[in-house]
Amino acid sequence: MAVPTPSLRRAGRTLLSTQFPIQILPSPRSVQVRCYAAAKPPSPRQPRPYESEKPLVSSRPRPSQDTAALADLVKKKNEGRKGVMAPYIRLGVGVFTSPLQLTEAPSIADRDTLQKRESGVTEKSPMRLRMEALIKEKQGEIVAALQELDPATKFRTDTWSRPAGGGGISCVQQDGNVFEKAGVNTSIVYGTLPRPAIEKMRVNHKAIDPDVDSLEFFAAGLSLVLHPQNPNAPTVHLNYRYFETMDTEGKCNAWWFGGGTDLTPTYLYDEDAIHFHRSIKDACDKHDRGYYPRFKQWCDKYFYIPHRQESRGIGGIFFDDLDVEEKDQEQLFSFVKDCLSSFLPGYLPIITRRKDMPFSEREKQWQQLRRGRYVEFNLVHDRGTSFGLNTPSARVESILMSLPLTARWMYMHEAEKGSREERILNVLKQPVEWI
């Protein structure tokens, strides 16, 4: 039988460990192991008893190649060779009194990685792989567009992995000419939910099995926060994500989408607010005319700072837990794609208009005070930040990418009557219907 696992164990001891494909030929109380190993010509010396007159040569084949194909490859590579070849790897054949056990079965993350390498990602691939491909594609488009605004300040790109499976790409620009801090991150997480988390999720997702003590899960998301240098240019946030639970074989048993985008200006320009909201509404209306008013209201409610009794910004859309009870998976995936595609047309005209406007030290100070409110919401109330920080092996630097580079807190600060600062505060205390 062909065995694609990385190791063989008996009684807790490793008998063979190799990355090469192996073939095990079992008998009642013994085992023969055939392994193709890389080889090199020997140095001049006396022949040793274990050496054979048959040449031994191989390459590192892909795991999908079967034994017959490997045998043909070895035969072709050895045609015309003469002499004895000494293997890099020496294998012993022994007699064992207890059966061998295969350990370290491939995880769901391992199987997904193999599927992507062998078959790519198509419309027939599992949704988790399609969502991963989508957010990486959109990350590249957004970073490229933002880089054009400030070619002199390059994005730093970090690719990282998680021990349990998955990883991400963090693209961050700091102290630039346009953005004080700009972060565009993708994150892929494989993990296991404990029973308390399962019970909590079943409140919104009845498809989750209530009788299991743990459950495999997958999460993928694209998260973006841009904090401009100029106080006249608004901060913007975006996050779109997909979550699913699976059995041990990787079969999905519950799934949902979430996300949204919102604008946080320091100084209010009505034309910017109207343009941003109209771009989002156009994307929503392609799928359901009820989405924009419903998700805008959800956004106004979610991004509220109770201890300040004001909103973080002027809103946008926000939604969560959209599953089969909302629409089918393909329809919701298409909706998320259109929302992501609407971001650059919705924000680039705004930042282009405002990035080079003149501003005073007083206006910069007000920007820093508003950044303080942004920090308060993200660290105290944001569920995404909380989930990320409480996920085992979390990459904290990527999670806290959303925080501004600088912020300010002043004791008992009050905006002047009739000022631009007072106007934005009034809007934050009472949400506005922009379109």
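## Helices on the sheet

Helix H7 (residues 329-341) lies across strand E12 (214-228), strand E13 (235-246), E14 and E17, and runs at about 25° to E14; helices (H or I, at least four residues) and strands (E, at least two) are DSSP runs, numbered from the N terminus. Helix H9 (residues 361-380) also packs on the sheet, where it touches E11, E12, E13 and E14, and its direction makes about 170° with that of E12. Axes here are lines fitted to C-alpha atoms, for helices over the stretch in contact, and angles run from 0 to 180 degrees between N-to-C directions.

## The model and its confidence

This is a predicted model, in which local features need pLDDT of at least 70 and side-chain atom pairs count only at pLDDT 80 or more, while totals for chains, interfaces and linings use all residues. Residues are numbered from 1 along each chain as its sequence is written, and side-chain values use heavy atoms, with hydrogens and water left out.

The average pLDDT of the chain (the predictor's confidence in each residue, from 0 to 100) is 82, and 75% of the residues score at least 70. Over residues 1-42 the pLDDT stays under 50, and for them the model has 99 contacts beyond four places in sequence, where contact means heavy atoms within 4.5 Å. Residues 50-65 also have pLDDT below 50, with 33 contacts in the model beyond near neighbours in sequence.

## The sheet

Seven strands form an open sheet in the order E9-E10-E11-E12-E13-E14-E17, with antiparallel pairing; two strands pair if DSSP finds at least two bridges between them. Strand E9 (156-161) and strand E17 (316-322) stand at the edges with a single partner strand each, so one side of each has no neighbour in the sheet. From one strand to the next, the twist averages 10°.

Strand E10 (residues 166-174) and strand E11 (residues 179-194) run antiparallel and are joined by nine bridges, and Gln174 stands opposite Lys181 in E11.

## Thr264 in strand E14

Thr264 belongs to strand E14 (residues 252-264). With a relative accessible area of 11%, Thr264 is buried (under 20% relative accessible area, with exposed over 50% and partly exposed in between, for a 1.4 Å probe and protein chains only). Apart from neighbours within four places in sequence, Thr264 is in contact with Pro234, Thr235, Arg312, Gly313 and Tyr374.

## Helices H5 and H6

The axes of helix H5 (residues 270-285) and helix H6 (residues 291-302) come within 9 Å and cross at roughly 130°. His277, Lys281 and Cys284 in H5 meet Tyr291, Tyr292 and Lys296 in H6.
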